[in-house]
Amino acid sequence: MNKLNIELTVNGKKRKVETTTSTRLLDLIRDDLHLTGTKEGCGKGECGACTVIMNSELAASCLVLALQADGADITTIEGIGNDKCLDPVQKAFIETGAVQCGFCTPGMILAAKKLLEENPHPDEEEIKRGISGNLCRCTGYQKIIDAIKLAANRLSSSDSGRGEKDA
Amino acid sequence: MQQRTIPCQYFAPQKIEEALGILFRYGNEIKVIAGGTDLLVQYYDRLYEINHWLDLKNIKELKDIRINKNQMEIGAMVTHTQLEVSEDIKKYFPILGQAAADIGSPQIRNRGTVGGNIVNASPAGDLLAPLMAYDAQFRLLSIQGEKIVTAEEFFIGPKKTILEPAQLLTQIILPLPSERTYGSWIKIGKRKALIIATITLALVVEMAEDHKTVKDVRTCLGSVAPTPIEIKEVKKKMVGKNFNQLDFAELGQIVEDKISPIDDIRGTREYRKDVAKKIMIKALEEIDSACGGGSYINE
């Protein structure tokens, strides 16, 4: 199978990648760029483990061809925080115990982050709808919902936004 | 083998004319991709079978929702999220926006498109019953010219349509309804998110100038027959009558009798028949209570 060249921005960096007509964005992110925070769960758009932010919108990267992402701006979990400087949503997930096995967590955090960007004060129903594309088999969701509420409170009471100190 | 050396190709033209030219040249050998949310599920373990892709993502005019005289034209690449948030859709075609909001998940709604939902032609496609209920027509283009067909003509079986390999669905055309038009949308499934419908109902009722007499009705259902269908017998019973003189149970029974559902993993034939009647009655009640307002109201 012949290779095709694409260029995309991943976590703020321009990347040139050789790909094929049968490569999914998920495969490109994990296998070519070695960003393994993005997980493959079902491979059919049902579980949300492969969630990324693509051109400012949540997307299931298992349902996007790598070629469709030519020219796109992609944010993965690696792009929103790191060990030294966690995103407020990541901090809230840790503090409320919203992470158990951790497999759904990257997608769940990106979904939560996107939700809070669009709706800084979501009610419980809005939170549930915001993460409705992401399955978690460990937590029973309540702690995830608590984490998103905590992050929403902190973000709205702080002007500094990302990477701020705990209140 | 000579065939194996044919290079794989990916086209993402900016102009419809270019796309039509590519389609004409490749015919069955090329796969048209819109959002990909159905296609990549279907080809989950055999993406390698597709050597040529025609991606419509760069064709700007396919992404517009616009009002043109007495009709709305929705580009085939308009996403479910766009339908959900559009003020014009809320105003004129509220149950289409509600149906879009009930699709899949944020991830799916952001990428999946109205054109993809139509061309995929699943009997359970969430937008299909509302589109049919609003009297949608589809604009099909090829290098040979334009063809405009009704939803009823377009769907011919489960996942089967009259779309030819060289044709592209470019626009959905909806006549703007009168201000005395009311709609109700009901989707039944095992959970709220990421569910393929067990049954869907889109009921659209237009009242006469007196706000009491039924002028026109379209009762459309999904997941109850090989294609989305309209139950025309309901129209015969309702048109010309005063809304509060209608026998809702009788109308529900007509719907139950006229559908031909099957047993499948999402529900049995018997269950679907029972539920069809009940949701028809519920939809009529919703419209009955909305009728007092005299504007585009639903639920």
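# Notebook: chains A and B

**Entry 1. The interface between the chains.** I looked up the contact between the two chains and found that 27 residues of chain A are in contact with 25 residues of chain B. On the side of chain A that touches chain B, strand β4 (residues 57–60) gives the most, with 4 residues. I sorted the residues of that side by class and noted 11 nonpolar, 12 polar and 4 charged.

**Entry 2. Confidence.** I record here that the model is predicted. Its scores are ipTM 0.93 and pTM 0.94. For chain B I noted a mean pLDDT of 94, with 96% of the residues at 70 or more. I then asked where in chain B pLDDT stays under 50. The stretch is residues 293–299 of chain B, for which the model has 18 contacts beyond four places in sequence.

**Entry 3. Domains of chain A.** I found chain A divided into domain 1 (4–79) and domain 2 (88–157). The centres of these two domains of chain A, taken over C-alpha atoms, are separated by 22 Å. Their contact takes 13 residues from domain 1 of chain A and 11 residues from domain 2 of chain A. Strand β3 (residues 51–54) of chain A supplies the largest share of the domain 1 side, 3 residues.

**Entry 4. Helices α2 and α5 of chain A.** I next examined helix α2 (residues 88–96) and helix α5 (residues 142–157) of chain A, whose axes come within 8 Å and cross at roughly 135°. Because of that angle, α2(A) is oblique to α5(A). The crossing of α2(A) past α5(A) is right-handed. From α2(A), I listed A:Pro88, A:Val89, A:Ala92, A:Phe93, A:Glu95 and A:Thr96 as making the contact. From α5(A), the list reads A:Lys143, A:Asp146, A:Ala147, A:Leu150, A:Ala151, A:Arg154 and A:Leu155. The classes in this contact are 8 nonpolar, 1 polar and 4 charged residues.

**Entry 5. Helices α2 and α3 of chain A.** I followed α2(A) to a further partner, helix α3 (residues 105–118) of chain A; the two axes come within 9 Å and cross at roughly 125°. α2(A) and α3(A) are therefore oblique to each other. I noted a right-handed crossing for α2(A) with α3(A). Here A:Val89, A:Gln90 and A:Phe93 of α2(A) meet A:Thr105, A:Ile109, A:Ala112, A:Lys113 and A:Leu116 of α3(A). This contact has 5 nonpolar, 2 polar and 1 charged residues. A:Val89 and A:Phe93 are among the α2(A) residues listed for the contact with α5(A) and among those listed for the contact with α3(A).

**Entry 6. Domains of chain B.** I found chain B divided into domain 1 (3–55), domain 2 (60–175) and domain 3 (181–293). Between the centres of domain 1 and domain 3 of chain B, taken over C-alpha atoms, I recorded 38 Å.

**Entry 7. Helices α11 and α12 of chain B.** I looked up the packing of helix α11 (residues 248–258) and helix α12 (residues 269–290) of chain B and found an angle of about 140°, with the axes 8 Å apart. α11(B) and α12(B) are therefore oblique to each other, and their crossing is right-handed. Which residues of the two helices meet? α11(B) contributes B:Phe248, B:Ala249, B:Leu251, B:Gly252, B:Gln253, B:Val255 and B:Glu256. α12(B) contributes B:Lys273, B:Ala276, B:Lys277, B:Lys278, B:Met280, B:Ile281, B:Leu284 and B:Glu285. I classed the residues of this contact as 8 nonpolar, 2 polar and 5 charged.

Terms used: Residues numbered from 1 in each chain as written. Chains lettered and ligands numbered in written order. Predicted model: local features only at pLDDT ≥ 70, side-chain atom pairs only at ≥ 80, totals over all residues. pLDDT = per-residue confidence, 0-100. Contact = placed C-beta atoms within 7 Å. Nonpolar A, V, L, I, M, F, W, Y, C, P; charged D, E, K, R; others polar. Axes fitted to C-alpha atoms, helices over the stretch in contact; angles between N-to-C directions. Parallel < 35°, antiparallel > 145°, perpendicular 65-115°, else oblique. Left-handed = near helix turned anticlockwise from the far one by under 90°. Domains from an automatic or database assignment.
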